[in-house]
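Dear colleague,

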Amino acid sequence: MPDFDGGHYFFTAVVPVCNRGIVEHEGMKSSPIHMVREALETLPTALQSHASEKVGIQSPFARSTRTHFARFVILDQPYYNGRDHQDAILATIEGTDLLKAQPHDRLACPYLLVMIDFDPADRSGAGEPRAYLEHLWEVMEEELKAVFGYCYGFPQVHGATGFADFLIGCQIETTMPFNDYWTGPPPLKSLSKGLLLAVLAVAAAVGGFVTWKGHLHWWLAILLILLLLIVGILIDYWLIMSRGAKPFPASGATLPRVLKALYLQQAFARFAADRQGADPAGTGAAFRAFLRENQPRDLAEPTQKPGVIRTFFPGAAA
Amino acid sequence: MSAALDLADIQGGILRAYGRQGFPKARYFFLTIRDPAKGRAFVEALRPKITTAARWKNPKRGDPLLRTLKPRVKDVVRAEGVPDYPGEVELMKPKVAINIAFTFMGLAALGVPTRTLRGMPDEFIDGMEKRAPLLGDDLWLDRRDAVWRNSSGETQVHILVSFNAEMNPDGTPTDDLETETRRLRDLCARSEGGVVLLSGNGAGDPDFQQLSAILRDEDGNLTPTNKEHFGLSDGFGDPVFLGQFSGEAERLRVAGGGKILPDQSWAPLATGEFLLGHADEAQEIPGAAMPIEFSRNGTFMAYRKLAEDVGAFDAYIGEQAARYARQFGVSVEEASETVRAKLVGRWSDGVPLTAAPTYAAHEAFNAELAAAQAAKDKAKLAAMALQFTNFNYREDPDGRVCPVSSHLRRGNPRDMLDPHFSDPPADWDGSALVNRRRILRRGLPYGPYLPGADGGGTERGIVFIAICSSLFRQFEFVQQQWVQYGLDFNVGSDTCPIVGNHVAEEGAAPEGKMMIAADPKDSNGRLFLCDRMPQFVEPRGGDYFFVPSMTALRMIETGIVDPT
């Protein structure tokens with residue numbers, strides 16, 4: 001699965017945190033990862049619940065109209081699930097000593113897992129994720145410094161380009177992008193079972209033809225056909241895997257379009273409620289006024305602000 | 001082969017709703033324990049009086065299918081001459097059914113060991129007040145009855161004792177109710193402060209919650225009905241689980257009450273969805289407090305007192321009906337009945353929209369019913385009785401007949417949430433996503449029935465009781481996701497039009513909204529949008545209770561719960 005999928009870029013990075021020494025702050029002495037946690041815990045979330053609406057402090061990610069979703073996770077250590085399972089009889093035969101501890105994986109330092117889904121600057125995805133990361137630095141440099149300040153290599157970061165270099169260096173492939181804007185299945189053609197079977201049939205037929213023409217021994221014929229079938233299976237495997245690696249088609253759902261759609265949905269619900277039972281003769285004029293007021297084609301204005309759950313507040317109804 | 005339940009070990013009121021079993025009058029008492037030993041002695045004294053699920057004989061049973069206005073499925077079973085209830089008859093029906101349940105703090109106050117207590121689920125330990133933001137109750141905490149507002153420290157609710165009583169023909173409860181009340185008070189007095197009856201159940205702060213079915217006056221002869229204060233008929237569709245009914249009764253009841261299998265046939269839900277210690281719909285015996293005999297045959301119960309604003313409801317329906325009548329060119333009477341039915345999913349007499357999609361169809365349905373009743377045509381009545389519960393939403397995916405956001409579809413979406421709903425029949429999953437979200441609904445109305453009147457500030461409502469083996473997975477999920485939210489039904493943040501929150505905070509502008517999809521028979525195909533809906537129902541408090549089996553009750557009272 002590619003990083004660029006469905007017209008969106010799904011960025012994933014694991015950034016090592018230098019958790020050595022102590023940080024003195026506000027009369028306290030804390031470990032560096034403690035500081036990272038504190039920075040993340042105090043980073044405001046978007047105003048998308050009644051509770052956060054009351055708080056009123058907006059997420060810095062809402063300063064960008066390209067961010068769909070951002071998530072940070074601290075990976076302290078991989079979970080240790082105990083000894084590897086072994087069949088009791090096999091263990092006895094092999095003489096496994098259960099008192100001898102098995103090695104288990106540990107991380108040398110904590111890691112910060114960064115996952116951001118964003119709109120590419122160019123629809124083809126060219127120049128990403130660099131362009132977005134540089135843009136992010138422009139809109140939330142202070143917050144990024146607080147979050148990444150204790151990461152290896154961050155003290156050497158200067159400016160937007162440096163930040164992009166730093167984070168791209170830690171990027172890993174996104175193996176499971178989440179295409180939330182495809183509410184139904186996208187228009188993808190499935191690989192036909194007929195084609196896959198035809199490849200095998202051709203392989204077998206070629207083997208049969210060569211056997212017939214070359215008057216091969218029966219054992220040689222079986223070997224040849226088996227060999228060709230294996231080649232056929234490999235071709236099928238390649239067909240399936242290359243089809244799977246194809247990116248999802250773009251849904252066209254850039255954040256400005258999503259926000260405009262949410263805005264229009266709310267505005268139109270109000271319009272529909274207000275027009276109920278009104279004289280149908282006036283509907284055309286009213287709808288033209290609605291279009292003038294709400295400019296459905298204009299993504300810039302009026303629209304829903306990023307990072308909020310609604311445009312129309314109670315009292316304004318609908 | 002139906003699973004045989006240990007009926008004499010299960011408390012009454014779980015398998016069947018008392019209100020429907022001839023107990024239309026009730027008193028619910030809340031008590032606090034101030035001394036563990038005296039608390040256990042109180043439970044010990046009460047235990048012999050506890051009504052179990054054992055089958056009894058009712059000497060006053062009427063003629064099935066003809067004795068009520070609307071025939072019910074249980075009448076169909078009785079008319080076929082087969083027993084509805086499982087087990088053998090060994091008891092006579094009591095005049096007053098007495099039951100007991102405990103809050104988490106109540107179990108702790110009775111000295112139940114820590115190891116047993118820590119096996120209790122989080123939401124039960126939290127109690128209903130702490131769960132308020134999840135339930136949508138947080139807007140109304142200050143408006144709760146005193147017994148709930150003050151439920152902490154010395155006045156924490158620990159025990160619920162319920163008395164469900166028979167009724168005299170004049171509408172008053174049987175005298176035995178007062179006798180049992182006196183005995184309960186004596187028992188508290190004898191505990192010398194060890195067990196205290198709490199007051200504060202509504203206006204005048206009485207020390208019990210009084211409940212009564214709404215009565216119908218037929219020439220001075222009062223009979224209980226299944227109406228609530230909004231004038232709606234309630235409590236038709238209740239889950240049917242394995243062991244709850246005898247064989248033939250189960251076959252009839254399960255259609256509409258059980259779960260829908262992928263082949264579209266009906267089957268009873270697993271017993272473990274409603275009783276602990278039994279296999280559930282995940283094909284496992286769910287985790288429960290240890291020892292298992294402490295939990296088995298017990299269950300959990302959410303008790304909620306819900307005040308109904310009859311004035312606001314009637315005014316809103318009136319307003320919408322006037323608009324509906326103008327828009328669709330029908331009489332105000334038809335508009336009023338239709339809007340009400342669309343919000344609820346049933347006509348006010350309980351006939352589901354799926355059985356009678358339009359006002360005319362509803363009138364025809366009732367005319368047919370009346371004719372069958374007059375002719376004493378039991379076969380016809382039986383067939384019509386089944387239509388009250390036996391339906392699914394396969395033919396109505398968009399809610400054009402029964403709106404997807406109606407109270408009925410939200411409470412039990414049946415096959416509607418099947419992820420393969422629109423796929424070919426071979427892929428259908430039936431009600432698989434709903435089977436673990438079912439609740440047994442119990443309870444009765446409170447307050448005087450004053451239809452069409454604002455009641456002069458007299459509070460009315462219902463005590464809603466949900467019984468299930470996981471309050472979190474069943475009751476709380478239904479309340480949070482299906483009542484207070486609408487995403488599963490593709491209606492965004494719209495809440496239940498009847499019991500959902502319609503304001504962002506107390507006193508805020510009404511913002512409840514519901515779309516009534518266009519009637520396919522309407523050539524103009526016009527939908528009807530109900531908006532600016534005010535709050536109709538406000539919670540007045542309640543709590544989560546553990547309803548122990550008789551075995552667990554003995555263990556609690558003797559103090560010999562051994563979790564090791």
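B:Lys25 stands opposite B:Ala165, a residue of β5(B). Strands here are DSSP runs of E with at least two residues, helices are runs of H or I with at least four residues, and both are numbered from the N terminus. This is a predicted model, in which local features need pLDDT of at least 70 and side-chain atom pairs count only at pLDDT 80 or more, while totals for chains, interfaces and linings use all residues. Residues are numbered from 1 along each chain as its sequence is written, and chains are lettered from A and ligands numbered from 1 in the order in which they are written.

Strand β1 (residues 25–33) of chain B pairs with β5(B) in the antiparallel sense, over seven bridges; two strands count as paired if DSSP finds at least two bridges between them. Strand β4 (residues 96–102) of chain B also runs antiparallel to β5(B), and seven bridges join these two strands. B:Val96 has B:Ala165 of β5(B) as its bridge partner.

Is strand β5 of chain B enclosed by the rest of the structure or exposed? Seven of its seven residues (159–165) are buried, so the strand is largely enclosed by the rest of the structure. A residue is termed buried if 20 or more other C-beta atoms lie within 10 Å of its own, exposed if 12 or fewer do, and partly exposed in between, with C-beta atoms placed from the backbone. In a regular strand the side chains alternate between the two faces of the sheet. In β5(B), B:Ile159, B:Val161, B:Phe163 and B:Ala165 point one way, B:Leu160, B:Ser162 and B:Asn164 point the other way, and all are buried.

**Chain B as a whole**

Chain B contains 17 helices and 17 strands. Along the principal axes, the C-alpha atoms fill a box of roughly 70 × 55 × 55 Å. Of the 564 residues in chain B, 51% are buried. Among the contacts in chain B with a separation of 6 or more, 71% are between residues 24 or more positions apart; a contact means that the C-beta atoms of two residues, placed from the backbone, lie within 7 Å.

**Where the chains meet**

Nine residues of chain A are in contact with 11 residues of chain B. On the chain B side, α11 (310–328) and β16 (528–533) each supply at least two residues. That side has four nonpolar, one polar and six charged residues, where Ala, Val, Leu, Ile, Met, Phe, Trp, Tyr, Cys and Pro count as nonpolar, Asp, Glu, Lys and Arg as charged, and the others, Gly among them, as polar.

**Backbone exceptions**

Most residues other than glycine have a negative phi, and most peptide bonds are trans. A cis peptide bond joins B:Met290 to B:Pro291, with omega about 0 degrees; B:Pro291 lies in the loop between β11 (266–267) and α10 (292–295) of chain B. Another cis peptide bond, between A:Glu301 and A:Pro302, has an omega of about -15 degrees.

B:Asp205 is not a glycine, yet has a positive phi of about 50 degrees. B:Asp205 sits in the loop between β6 (195–197) and β7 (209–212) of chain B, and is exposed, with 12 other C-beta atoms within 10 Å.
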